[in-house]
Amino acid sequence: MRSSQAMRRSEPRSPSVDLAAYGRDGYAIVRGFFDACEIAEMAAAADQLYAEGLKHGRCFRHGNLFYNVARGSGEAFVRMVQWPSYHQPVLNRARLNPRFAELLDPLIGGNLKQIINQVHWKAPGSLGDFAWHQDSRSRRPPPAYRNLASAYVQTGLAIDPHGPNSGGMRFIPRSHLRGDLHMDCSAHSLGTAMNDKGLEAIGFSNADVVDLILDPGDLALWSPYLVHGSGTNRSSHKRRFYINGYVRAGDCDRGEWAFRDGRPVALGSKPALVHYEELRDRPEPHYPEA
């Protein structure tokens, strides 16, 4: 018998993405990808992660699982957690939801790995800005990540209202058409404010910017070559955002399997190499600065 909670949920509609808009602009939006009950569960899971990060009080790593904890005015706050799905079942189920496979199949096929799995928090007024950047610059080493323009899709799920007031993402439509723009990466994007000079250096201006506006449950998809960033949260609430990046398996030597022939693949007993280069040398729990 189905639970009363499950019975209250409406059956999700088959997801689809505007392929023409995605190809033209480098991003697309799917409204109501997850329903209110599902988002409430993910919000509670995100809050659990945040409490864990605060308990550590500083950056903490256990294999691919990484808590990015910073301090503002002496008080700790969690900026993001990478690969929470290794130990957070609600978020793990969400990333493997068959709706993702159905949505992504027309773009990158049914055999998919995952190279990004992370929750971002942006506390009001915190150091959570993201400078203008392209995700393609983080795909290292380059030989392991092939055909970036056609084989990779980044997705972001709004857990809270996402827009200019809450420090939401900002896109430069069609910037993906120019490929790798060799943007200045001397400073880490996370914690660095957007700067108009950074746009001008690659031939864009603030007039080209559009704001990503999402309600809880809405999903955005964008190209790894799309220029994007985000500003300060000026709302009264933490802005939670769940990011999952998928890749056609044959074009990537790294990452955890997500779907084979459109069917979810459970995590194995041993984590796969993704971005943490010392995974095999230092897999044990530790504080990176120690």
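Strand S7 (152–158) contributes the most residues, 3, to the lining of the largest cavity in this predicted model (strands are DSSP runs of E, at least two residues, and helices runs of H or I, at least four, numbered from the N terminus). Residues are numbered from 1 along each chain as its sequence is written, and side-chain values use heavy atoms, with hydrogens and water left out. Because the model is predicted, local features need pLDDT of at least 70 and side-chain atom pairs count only at pLDDT 80 or more, whereas totals for chains, interfaces and linings use all residues.

A cavity is a set of points on a 1 Å grid over the protein atoms alone where a 1.4 Å probe fits but cannot get out, and its lining residues have an atom within 4 Å of a point. Grid points are joined across faces, edges and corners, and a volume is the space filled by probe spheres set on the points. There are 2 cavities of 30 Å³ or more, and the largest holds about 50 Å³. Its lining consists of Ile115, Asp135, Arg139, Tyr152, Val153, Gln154, Trp222, Pro224, Gly245 and Tyr246. Strands S7 and S12 (239–248) each give two or more residues to this lining.

The largest nonpolar core comprises 44 residues, of which Phe34, Met42, Trp121, Leu219, Leu221, Tyr242 and Tyr246 touch the most other members. Such a core is a set of buried Ala, Val, Leu, Ile, Met, Phe, Trp, Tyr and Cys residues joined through side-chain atoms within 4.5 Å; buried denotes under 20% relative accessible area, exposed over 50%, and partly exposed in between, with a 1.4 Å probe and protein chains only. Helix H3 (residues 36–56) gives the most to this core, with 7 residues. Apart from it lies another core of 23 residues, including Trp83 and Leu212.

Asn97 is located in the loop between helix H4 (89–95) and helix H5 (98–108) and counts as buried because its relative accessibility is 14%. Beyond residues up to four places away in sequence, Asn97 touches Phe34, Glu38 and Phe259 (contact means heavy atoms within 4.5 Å).

Most residues other than glycine have a negative phi, and most peptide bonds are trans. The peptide bond from Arg140 to Pro141, however, is cis. Asn147 has a positive phi of about 55 degrees and is partly exposed, at 48% relative accessibility. Asp261, with phi near 50 degrees, lies in the loop between strand S13 (256–260) and strand S14 (263–264) and is exposed, at 66%.

Technical notes:
On a 1 Å grid over the protein atoms alone, a cavity is a set of points where a 1.4 Å probe fits but cannot get out, and a pocket is an open set with protein on both sides within 12 Å along at least five of seven lines; lining residues have an atom within 4 Å of a point.
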